[in-house]
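Here is a friendly briefing on the model shown below. Have it open in your viewer as you read.

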Amino acid sequence: MYILAAFSLLHLITANFSLTFILRIGIGLMIAVDYTVGNALLTEWLPKGEDSKRQSHLLIYWTIGFILSYLAGSFITGFDSYTWQIILATSAVPALVTAIFRSLFPLPASPGWLASKGKIKTANKVIRKHMGRKWRLPARFMKRNKKKTPRNISWAILFSKQYLRRTLVGGIFYACQAFSFFGISIFLPILLQSMNITSGNISGIIYNGGMFIGVLIGTWIFNKVSRRFYLISNFLISGLLIGILAIVPNLNSILKLGIFTLFAIILSAGLILDYPYPTELFDLKVRATGVGTCITISRIGAAAGTFLLPVLTNVGGASLAMLVCAIVLLFAFIVCLIWAPETSPQFMKK
């Protein structure tokens with residue numbers, strides 16, 4: 001986090017294109033590492049049955065940060081050619097806060113990682129220190145250590161017959177969701193102007209408000225429906241909503257904004273699955289590698305949406321961009337309908 005903050009602040013003192021490019025790659029790498037490792041480490045310390053629920057709650061805080069970043073990009077003005085540098089440098093603030101907090105309250109070591117290296121006693125010592133003397137590693141770790149199974153898991157195992165379906169579902173659902181979410185969110189003003197909604201800031205606030213409401217609703221219904229049904233219905237409804245806006249461009253502007261806000265709520269409700277579902281897709285042996293691979297694939301979708309949407313908007317207007325988003329979401333719906341397994345414990349028993 002200290003490195004992330006430093007990279008963000010360095011943008012203020014450099015005008016060199018090559019250095020700027022390297023710094024932005026560095027920022028992306030630092031965020032990606034924390035994005036993956038932080039979630040995996042959290043699940044190790046959560047009681048069984050509470051891990052998925054707590055992971056879904058993380059998305060509330062993620063959404064707050066996303067909305068604040070959108071507002072920063074919308075309202076920080078008046079610095080001429082340095083405006084973009086000031087906006088990007090604001091990311092150093094939460095990075096420094098997090099870095100200082102983690103320095104004062106260090107994160108404990110991963111018991112699972114220690115156990116995978118044969119350090120069973122050290123792992124149990126860490127657990128007892130942070131959770132009490134009655135806690136220790138599950139019995140499966142002891143059995144695995146006695147059998148001396150391979151300690152290093154290659155990512156290639158995710159594309160074996162045993163895990164291929166789950167890897168594809170986790171990667172495709174995450175990438176398709178990120179494609180629409182990041183693309184439309186980042187270039188929302190372009191889309192809304194093309195829809196004859198002139199107040200970009202006000203419309204953006206409405207959209208982000210819908211997104212926050214969606215995450216809260218998603219958190220509430222997370223354990224009330226099956227994961228498979230949640231995933232399939234979310235992609236179907238959000239795809240149909242954005243498809244209506246693309247196919248019927250002559251709707252009243254108020255109706256357009258209403259449909260778009262509903263789309264934001266539905267799509268954002270699906271974000272709740274981003275952390276727990278990939279985690280539940282993989283057993284403990286390959287979980288960290290599997291979740292990391294799904295997140296990596298999702299970043300491809302996010303980058304594609306970010307770069308492709310303005311091109312589509314310039315070529316065919318907002319209708320073309322939203323039509324492509326609808327196709328991507330409906331493609332994810334079909335993939336999940338055919339392949340997505342049920343992972344919710346209460347619904348797997350039925």
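In α7, the residues Ile 120, Ala 123, Asn 124, Val 126 and Ile 127 are buried (under 20% relative accessible area with a 1.4 Å probe and protein chains only; exposed is over 50%, partly exposed in between). Looking down the axis of α7, these buried residues fall within an arc of 155 degrees, so they line one face of the helix; the arc is taken from the directions from the helix axis to the C-beta atoms. This is a predicted model, in which local features need pLDDT of at least 70 and side-chain atom pairs count only at pLDDT 80 or more, while totals for chains, interfaces and linings use all residues. Residues are numbered from 1 along each chain as its sequence is written, and side-chain values use heavy atoms, with hydrogens and water left out.

**More on α7**
- Lys 121, Lys 125 and Lys 129 are exposed on the other side of α7.
- Helix α7 covers residues 120–131, and its 12 residues reach 16 Å from first C-alpha to last, close to the 16 Å expected at 1.5 Å a residue (the expected span is 1.5 Å times one less than the number of residues).

**The chain overall**
- The protein chain has 16 helices and 0 strands, where helices (H or I, at least four residues) and strands (E, at least two) are DSSP runs numbered from the N terminus.
- Of its 350 residues, 45% count as buried.
- Among contacts (heavy atoms within 4.5 Å) with a separation of 6 or more in the protein chain, 79% come from residues 24 or more positions apart.
- The accessible surface of the protein chain is about 18600 Å², with 69% belonging to carbon and sulfur atoms; the areas come from the Shrake-Rupley method with a 1.4 Å probe, and for residues only the protein chains shown count as cover.

**A salt bridge**
- The count comes to 1 salt bridge, defined as a side-chain nitrogen of Lys or Arg within 4 Å of a carboxyl oxygen of Asp or Glu.
- Arg 227 pairs with Glu 280, with the closest N and O atoms 2.9 Å apart.
- This pair links distant parts of the chain, with Arg 227 in helix α12 (residues 227–247) and Glu 280 in helix α14 (residues 276–281), 53 residues apart.
- Arg 227 and Glu 280 are both buried.

**Bent and straight helices**
- Helix α15 (residues 287–339) spans only 19 Å between its end C-alpha atoms, whereas a straight helix of 53 residues would span 78 Å.
- At Gly 316, α15 bends by about 130 degrees, the angle between axes fitted to the seven residues ending there and the seven starting there.
- For helix α13 (residues 253–269), the 17 residues should span 24 Å, and the end C-alpha atoms are 24 Å apart, which agrees.
- Buried residues of α13 include Leu 257, Phe 260 and Phe 263.

**Val 33**
- Val 33 sits in helix α2 (residues 17–44) and counts as partly exposed at 49% relative accessibility.
- Val 33 and Gly 292 are 259 residues apart in sequence and 9.1 Å apart in space, C-alpha to C-alpha.
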